[in-house]
Amino acid sequence: MAEKCYYCEHDIENRPYYVTFYDADDEHDEPLCDTCYAEWLASIKG
């Protein structure tokens, strides 16, 4: 069974990228697909 992307919820065909998200005092790792990871990376670069 393929893993689902945290943002777009599509099946991840390749190896997922795991990104750590912080909520108040809680942190959790979520899988992202290639496209969402590229967009997330661009967003933190500014």
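Author: Read along the sequence, the pattern is β-β-β-β-α, so you get 1 helix and 4 strands. Bear in mind that this is a predicted model: local features need pLDDT of at least 70, side-chain atom pairs count only at pLDDT 80 or more, and totals for chains, interfaces and linings use all residues. Residues are numbered from 1 along each chain as its sequence is written, and side-chain values use heavy atoms, with hydrogens and water left out.

Reader: Fine. What box do the C-alpha atoms fill?

Author: Roughly 30 × 25 × 15 Å, taken along the principal axes.

Reader: And how much of the protein is buried?

Author: Buried residues are 24% of the 46 in the protein. Buried means under 20% relative accessible area, exposed means over 50%, and partly exposed lies in between (1.4 Å probe, protein chains only).

Reader: How many salt bridges turn up?

Author: Searching the whole structure gives 1. The term means a side-chain nitrogen of Lys or Arg within 4 Å of a carboxyl oxygen of Asp or Glu. Here Lys4 pairs with Asp11, and their closest N and O atoms are 2.8 Å apart.

Reader: Switching to charge. Which residues form the negative surface patch?

Author: Asp23, Asp25, Asp26, Glu27 and Asp29. For patches, residues need over 30% relative accessible area and no salt bridge, and like charges are joined within 9 Å. Asp and Glu count as negative, with each charge placed at CG of Asp or CD of Glu. The areas come from the Shrake-Rupley method with a 1.4 Å probe.

Reader: Where does the largest share of that patch come from?

Author: Strand β4 (residues 26-32), with 3 residues. Glu27 is in that strand, and Glu27 is exposed, at 51% relative accessible area.

Reader: What about Glu30, buried or exposed?

Author: Buried, because its relative accessible area is 19%.

Reader: Which residues other than glycine have a positive phi?

Author: Among them are Glu9, near 65 degrees, and Ala24, at about 55 degrees. Most residues other than glycine have a negative phi. Glu9 is in the loop between β1 (3-4) and β2 (11-12) and is exposed at 56%. Ala24 lies in the loop between β3 (17-23) and β4, and at 82% relative accessibility Ala24 is exposed as well.

Reader: Last one, the helix. What span should α1 have?

Author: The 12 residues of α1 (residues 34-45) should span 16 Å, and the end C-alpha atoms are 17 Å apart, which agrees. The expected span is 1.5 Å times one less than the number of residues. After α1 comes Gly46, with a positive phi near 95 degrees.

Note on methods
Patches are made of residues with over 30% relative accessible area and no salt bridge: like charges are joined within 9 Å, nonpolar side chains (Val, Leu, Ile, Met, Phe, Trp, Tyr) within 5 Å. Helices (H or I, at least four residues) and strands (E, at least two) are DSSP runs, numbered from the N terminus.
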